[in-house]
Amino acid sequence: MDKQLPTFGRYLKRKFKTRVQKLPIGLSGFTCPNIDGTVAKGGCTFCLNESFSPNLSQDAKITLNLNSTKNPLLKQQLKELDLQIRSTQKAMKKQGIKKFLIYFQSFTNTYAPFETIKTLYEKALSYPDVIGLSIGTRSDSVSDEVYDYLAYLSKEKEIWIEFGVQSTFDETLKKINRGHNTLNAKEAILKAKSKGLNVCAHLIFGLPEESKDMMLQSVKEVYSWGVDSIKYHPLYVVKNTQLANEFKNGKFIPLSKEEYADVLKAAIELKPKHITIQRITAGINDNTLLAPDWCGWNKNKMMAFLTKELTK
Ligand code: SF4
């Protein structure tokens with residue numbers, strides 16, 4: 001990528017004077033209100049839920065939600081957390097990485113009893129060389145108690161909250177069965193900002209029936225909400241999802257790599273300088289991918305292509 005782009009890695013390196021890497025975590029028991037029936041069933045049309053965490057214990061039939069009062073999985077979750085942090089830290093340290101930002105990535109990581117959230121986040125922060133947390137969640141799943149707790153942690157630690165916005169067109173959000181609307185995403189981001197939290201928003205390019213203009217309108221709107229960081233993703237089709245049916249019936253056509261690079265370039269050009277970039281693409285390198293084939297490219301090939309397009 002262009003050396004001048006304000007990537008998240010550069011931001012962390014400048015702030016902590018060393019390489020800091022996000023360390024992804026996925027724990028049994030976490031689910032999503034868009035899957036468990038609270039908001040909807042089945043989830044977003046592109047989401048193959050097991051694909052997030054294929055190695056998790058199958059014991060994870062017990063799932064947590066905001067109304068759970070007890071958590072019979074807590075002991076197991078703490079064990080998984082410990083294993084994942086220790087093994088990934090060991091591997092990353094061999095690559096010269098000295099500090100870590102623990103990234104609660106899979107499913108909706110604030111959708112659990114408050115005591116569970118507090119215990120897991122505090123445990124994650126207790127490991128050596130951990131400088132903070134990044135919490136991936138949905139805009140409809142953060143209680144005031146959690147906002148306040150994250151704000152409290154942010155006095156001492158680097159605390160980020162990540163919201164999947166995807167699009168600011170409500171008709172698109174309905175088409176992908178997102179389960180929340182644009183106003184909900186905007187209000188959550190404004191609230192997180194008002195609490196002093198760092199916010200990263202996720203956007204998807206190539207959502208059903210969206211034009212380039214619509215994608216760039218979403219981009220501009222999300223920038224205007226005061227986010228600190230951004231992740232751009234192309235929409236790709238995974239087998240055994242609703243989107244796979246739409247693709248097979250000819251109702252969904254994914255972006256070509258050139259179309260994606262074109263909208264990505266425009267999105268970066270529109271971006272205020274202070275917003276850091278955490279991701280410029282995404283893909284899946286296994287046989288669950290249906291289309292487009294370029295989303296199955298390995299990371300180096302994908303980055304080489306995008307770098308060439310972005311620097312044109
Ligand atoms: S919000 Fe995330 S976990 Fe939930 S259904 Fe959508 S993509 Fe899947």
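The protein has 312 residues and a radius of gyration of 19 Å, which agrees with the value near 20 Å that a compact globule of this length would have; the radius is taken over C-alpha atoms, and the globule rule is 2.2 Å times the number of residues to the power 0.38. The structure is a predicted model, in which local features need pLDDT of at least 70 and side-chain atom pairs count only at pLDDT 80 or more, while totals for chains, interfaces and linings use all residues. Residues are numbered from 1 along each chain as its sequence is written. Along the principal axes, the C-alpha atoms fill a box of roughly 45 × 45 × 40 Å. Of the 312 residues, 38% count as buried, a residue being buried if 20 or more other C-beta atoms lie within 10 Å of its own, exposed if 12 or fewer do, and partly exposed in between, with C-beta atoms placed from the backbone. Among contacts with a separation of 6 or more, 84% join residues 24 or more positions apart, where a contact requires the C-beta atoms, placed from the backbone, to lie within 7 Å.

The protein contains ten helices and nine strands, taken as DSSP runs (H or I over at least four residues for helices, E over at least two for strands) and numbered from the N terminus. Seven of the strands form an open sheet with parallel pairing, in the order E1-E2-E3-E4-E5-E6-E8; two strands pair if DSSP finds at least two bridges between them. The edges are formed by strand E1 (20-25) and strand E8 (276-279), each of which pairs on one side only. From one strand to the next the twist averages 25°, with axes fitted as lines to C-alpha atoms, for helices over the stretch in contact, and angles running from 0 to 180 degrees between N-to-C directions.

Within this sheet, strand E4 (residues 158-166) and strand E5 (residues 198-205) pair in the parallel sense over six bridges, and glutamate 162 stands opposite cysteine 200 in E5. Helix H7 (residues 212-224) lies across E4 and E5 and runs at about 175° to E5. The loop between E5 and H7 holds glutamate 209, a residue other than glycine with a positive phi, near 60°; glutamate 209 counts as exposed because it has 12 C-beta neighbours inside 10 Å.

A positive phi, near 55°, is also found at asparagine 177, in the loop between helix H5 (170-175) and helix H6 (182-194). Asparagine 177 has 18 C-beta neighbours inside 10 Å and therefore counts as partly exposed. In the loop between E8 and E9, aspartate 286 counts as exposed, since 9 C-beta neighbours lie inside 10 Å. The C-alpha atoms of aspartate 286 and arginine 178 are separated by 25 Å, and the two residues are 108 residues apart along the chain. The peptide bond from alanine 291 to proline 292 is cis, with omega near -10°, and proline 292 is placed in the loop between strand E9 (289-291) and helix H10 (299-310).

Terms used: Two residues are in contact if their C-beta atoms, placed from the backbone, lie within 7 Å.
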